[in-house]
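The exercises below are meant to be worked through with the sequence and the three-dimensional view side by side. Try each task before reading its solution.

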Amino acid sequence: MTSTETVGSTGTTGTASTSAADASDLEARLPGHMEDSAAVEPEAEPRFEKVQFATDDLEEARSSLESVLDGRQFRARLAGEPFVSRFASAGDSRVSLQTGTFTAHLQGVIPWSRDYVMSWFRSGSVTVDYPVGQLTSEGSRPFLTPSETSFAFSMTPHRHGIVHVDAAFLEAVASERHAGPPQRIVFDYAAVPTDEALAAWRTTLGEVTPLIVGEETPALARHAAQQALVRGMLDLFPWRAIDVPDALRTERTRRLRQAAEYVHAYADQAITSADIATAAGMHTRTLQLLMSEHLGSSPTNYVRHVRLDRARQDLLSSEPGSVLVSDVARKWGFGNLGRFSASYSARFGEYPRDTLAR
């Protein structure tokens, strides 16, 4: 037995972006009618979309989920209980919330995507395998799946929720925190949120969900709710903004981006070109060629530039008289103060002492 619905904000059939909360919860919040308010220019706002389906047919559920999640090679296996599958998603291209129930085992592959996805399980669990690691859900605690890489997953029978955030939107909100231009955000996937942070997150989620999934929510109210939800995600997990060229944020250049991210993560340690190449799963010579082609730099120079950037961040965030330029230079591996000042001046157009004096 199956029921399916996919509706756009104009009432015409459409497709939905995918992502978070238990199907019954979200379905209950999907409004049939709300009082109209604040008209918005249609072209100024992304299209609101929702999709819902329910079935007790295993193959139909597997196929539907593979399609709506844009997945690959989904495989399902019955457990020792009657099978039921429910799925609901609502939102727009900036942020959507998903909820699902699937009382069988499910495996598959999620292809490469730039978007940011956070999940939590009300029952059951998932293990995710990606090129540089593995993660397993812990109880009902939220966790992030890796972005800008494909990954395989294996789920037990479960009820789960998901928040799916467009990369450009999250990175724009994050720029409020790091005071730079929008950049790729790399979360600490192994971090376990504190109980205090979890309580704050759940409060925020409860407050904004009706606004995000409400089809008649005024545009400004929806946008504010989406921003609040993303800020909550940024408060929940440690993260770092990584300044990598947009040209590296493709599936084809994934390994070079991983190399760049490794440098950013370990710039305060003694790392070599061989270390960087190993972390990215390539030969040192290949790394040298790719960095020269895409970044116009050798691995050694790239490490030096990242360390100069970190030194500048420290100088800008320090009060004059609270630190010495020499201490900052040594912290970032520059033993010769004269050479550090010359390299700093060449990169930023001012001497480090001038930056500190601001």
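The protein contains 12 helices and 14 strands, where helices (H or I, at least four residues) and strands (E, at least two) are DSSP runs numbered from the N terminus. This is a predicted model, in which local features need pLDDT of at least 70 and side-chain atom pairs count only at pLDDT 80 or more, while totals for chains, interfaces and linings use all residues. Residues are numbered from 1 along each chain as its sequence is written, and side-chain values use heavy atoms, with hydrogens and water left out.

**Exercise 1. State what percentage of the residues is buried, and what percentage of the contacts between residues at least 6 apart joins residues at least 24 apart.**

Begin with the term: buried means under 20% relative accessible area, exposed over 50%, and partly exposed in between (1.4 Å probe, protein chains only). By this rule, buried residues make up 46% of the 358 residues. Next come the contacts, a contact being heavy atoms within 4.5 Å. Of those between residues at least 6 apart in sequence, 75% join residues at least 24 apart.

**Exercise 2. Find the strand order of the open sheet of 5 strands and trace its pairings.**

Two strands pair if DSSP finds at least two bridges between them. With that rule, the order reads β3-β6-β11-β8-β9, and the pairing is antiparallel. The edges are β3 (72-78) and β9 (133-136), each of which pairs on one side only. From one strand to the next, the twist averages 10°.

Now go through the pairs. Strand β3 is joined to β6 (residues 104-110) by 5 bridges in the antiparallel sense, and here Leu-78 faces Ala-104 of β6. Helix α2 (residues 58-68) packs on the sheet, where it touches β3 and β6, and its direction makes about 150° with that of β3; axes are lines fitted to C-alpha atoms, for helices over the stretch in contact, and angles run from 0 to 180 degrees between N-to-C directions. Strands β6 and β11 are likewise antiparallel, over 5 bridges, with Gly-108 standing opposite Phe-153 in β11.

**Exercise 3. Sort the residues of strand β11 into a covered and an uncovered face.**

Start from the general rule that in a regular strand the side chains alternate between the two faces of the sheet. In β11 (residues 151-155), the covered face holds Phe-151, Phe-153 and Met-155, whereas Ala-152 and Ser-154 belong to the uncovered one.

**Exercise 4. Explain why the buried residues of helix α7 line one face of the helix, and name helices that cover them.**

First list the buried residues of α7 (residues 273-280), which are Ser-273, Ile-276, Ala-277 and Ala-280. Seen down the axis of α7, these buried residues fall within an arc of 95°, so they line one face of the helix; the arc is that of the directions from the helix axis to the C-beta atoms. Their cover includes α6 (254-265), α8 (284-295) and α9 (299-317). After α7 comes Gly-281, which has a positive phi near 70°.

As a further step, take Gln-288, which is found in helix α8. Gln-288 is partly exposed, its relative accessible area being 30%. Between Gln-288 and Ala-277 there are 8.8 Å in space, C-alpha to C-alpha, and they are 11 residues apart in sequence.

**Exercise 5. Compare Asp-70 and Glu-148: where does each lie, and is each buried or partly exposed?**

Asp-70 is located in the loop between α2 and β3, and its phi, near 55°, is positive although the residue is other than glycine. Because its relative accessibility is 47%, Asp-70 counts as partly exposed. Glu-148 is in the loop between β10 (143-145) and β11, and has a positive phi of about 55° without being a glycine. Glu-148 has 0% relative accessibility and therefore counts as buried.

**Exercise 6. Describe the surroundings of Ser-85.**

Ser-85 has its place in strand β4 (residues 85-91). With a relative accessibility of 1%, Ser-85 counts as buried. Leaving aside neighbours within four places in sequence, Ser-85 is in contact with Phe-53, Ala-54, Thr-55, Ala-61, Thr-101 and Phe-102.
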